[in-house]
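Please consult the sequence and structure shown below.

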Amino acid sequence: MAMNNMNQFSSGEIGHGVGDGAKREPGIAPFVTKTYDMVEDPNTNSIICWSSSGTSFIIWDHNRFSFELLPKYFKHTNMSSFVYQLNNYGFKKIGLQKWEYGHYWFQAGKKHLLCNIKRRMKNVNAHRDFNQETYFYGVEEEMRSQRDLNVTLKSEFDKLKERQDDMVKGITSLKEYLEKSEAESRKFIYFLAKAVKQVVATKRDVEVRDVITSKRRAEDVMGSSKSSEKKKMTDFSAIKRGEELKTEECSYNI
């Protein structure tokens, strides 16, 4: 299918799409003219446009280019056929990172130079360049797939790292909470033991004071009793002495 499209491209069996009925530039291949018009169109700069130097063009979105622009200008969607034709007219691919092509006579704003772009006569070179382009295309697709895979893996790695960081933060917070709780528990136990000790000491002091108070009261009671008896004995002795004196006085009077 691709080879048929290439043969049709070469023989001119495929219509040229936009501008088929327009006046063609004398001495300029229709493929070159259509490619130039396609690059010059500012409405499709997001798909294909000139490079900053204006000496090459870049295909930014090869999928949209294949399914939107190629049918419009060349009535097919075969990117490989388009690249094959570029090689036939001496365009060279610039670099491997993007779809950029250049030709010495293909420059922005200089359409009059297109007449110098001629189709190659040796198909061997065209096929060789096409094979190279096909190889580069496969390499680019592989690199693009690898880049996409790398982006996906990096995204997953970042997510795992973020989860790991969250877990580390959670464990750190839990450890700090446990250490704080343990410190508060030790502090509470310390104050509780101190309070119990104070209560025990206070109770012991009260008991000692009660014992001392009771002992003093007993001593006071005993002291009062002894004073009373002593007073009674003194009074009894005084009375007895008085009676003796009275007896003596009576005897003297007799």
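Asp158 is partly exposed, with a relative accessible area of 34%; buried denotes under 20%, exposed over 50%, and partly exposed the range in between (1.4 Å probe, protein chains only). The model is predicted, so local features need pLDDT of at least 70 and side-chain atom pairs count only at pLDDT 80 or more, while totals for chains, interfaces and linings use all residues. Residues are numbered from 1 along each chain as its sequence is written, and side-chain values use heavy atoms, leaving out hydrogens and water.

Asp158 pairs with Lys154 in a salt bridge, defined as a side-chain nitrogen of Lys or Arg within 4 Å of a carboxyl oxygen of Asp or Glu. Lys154 is exposed at 53%. The count comes to five salt bridges, including these:

| Salt bridge | N to O distance |
|---|---|
| Glu68 and Arg64 | 3.1 Å |
| Lys154 and Asp158 | 3.2 Å |
| Glu182 and Arg186 | 3.1 Å |

Helices are DSSP runs (H or I, at least four residues), numbered from the N terminus. Lys154 and Asp158 lie four residues apart in helix H5 (residues 123-253), about one helical turn. Glu182 and Arg186 have that spacing in helix H5 too, four residues, and Glu68 and Arg64 are four residues apart in helix H3 (residues 62-74).

Thr35, in helix H2 (residues 30-40), is buried at 1% relative accessible area. Thr35 has contacts (heavy atoms within 4.5 Å) with Phe57, Phe74, Phe82 and Phe106, not counting residues up to four places away in sequence.

The structure contains zero disulfides, a disulfide being a pair of cysteine sulfur atoms within 2.5 Å. Cys49 is buried at 13%, whereas Cys115 is partly exposed at 31%.

Key. Helices (H or I, at least four residues) and strands (E, at least two) are DSSP runs, numbered from the N terminus.
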